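Let's work through a few exercises together. Grab a pencil and have a look at the model first.

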Amino acid sequence: MLFLSVTLFVAACATQRPEDLPRPTEADISALADEIHALDPGIDAGEAARAAAIAYEYPLRLAVEYQVEDPPIIHNIKVNQGLKPRGLCYQWADDLQARLAQEGFETLELQRAIANSQSAIRIEHSTVVVTAPGDSMYEGIVLDPWRNGGQLFWGAVTEDDAYPWLPRQDVFARKRALLAAR
């Protein structure tokens with residue numbers, strides 16, 4: 001237990017202040033914009049570029065608002081104890097989705113995904129997925145600001161080895177069914 005406590009303390013001390021997180025480069029934003037645009041020929045390149053810029057930049061602002069000073073799991077503990085205002089994964093996803101939705105995209109769709117909902121060991125994790133309109137969540141790109149404390153992780157849903165994503169509506173339906181069966 002002492003080893004775990006010391007390890008967590010050292011990890012917490014090594015985390016950057018949210019104001020000091022590296023800013024995305026134009027190449028970072030362009031790479032994400034290109035991947036979003038490549039999802040479907042009908043996706044507007046300008047919308048893809050705006051979505052990419054927001055997906056990279058807005059979480060950096062949230063990291064400051066959420067007062068992120070620790071790795072995500074430690075920050076979650078502090079939020080749950082009332083020591084930090086926000087910053088649970090679903091809050092990152094809610095806030096990022098709300099900000100992206102403000103753009104009124106016509107050629108992009110925002111979906112939600114949840115991982116680890118059936119795991120007794122791993123905690124649930126929520127994220128935003130961007131797709132072409134009408135596409136399955138599995139054809140989209142994960143936009144996950146939580147796992148790196150405000151620095152965006154993105155990648156194809158089906159290639160994200162860290163999390164087995166499921167559509168949020170499917171997870172909620174399963175949970176409702178389980179509650180109804182009790």
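This is a predicted model: local features need pLDDT of at least 70, side-chain atom pairs count only at pLDDT 80 or more; totals for chains, interfaces and linings use all residues.

Residues are numbered from 1 along each chain as its sequence is written, and side-chain values use heavy atoms, leaving out hydrogens and water.

**Exercise 1.** Describe how helices H3 and H5 cross.

Step 1: find the axes, which are lines fitted to C-alpha atoms over the stretch in contact, with angles from 0 to 180 degrees between N-to-C directions. Those of H3 (residues 45-65) and H5 (residues 89-101) come within 10 Å and cross at roughly 135°.

Step 2: name the angle. H3 and H5 are therefore oblique to each other (under 35 degrees is roughly parallel, over 145 roughly antiparallel, 65 to 115 roughly perpendicular, the rest oblique).

**Exercise 2.** Work out which strands pair with E1.

Step 1: take E2 (residues 125-131), which pairs with E1 in the antiparallel sense over seven bridges (pairing needs at least two DSSP bridges). Here Ala-113 stands opposite Thr-127.

Step 2: now take E5 (residues 165-167), which pairs with E1 in the antiparallel sense over three bridges. This time Ala-113 stands opposite Pro-167.

Key
Helices (H or I, at least four residues) and strands (E, at least two) are DSSP runs, numbered from the N terminus.
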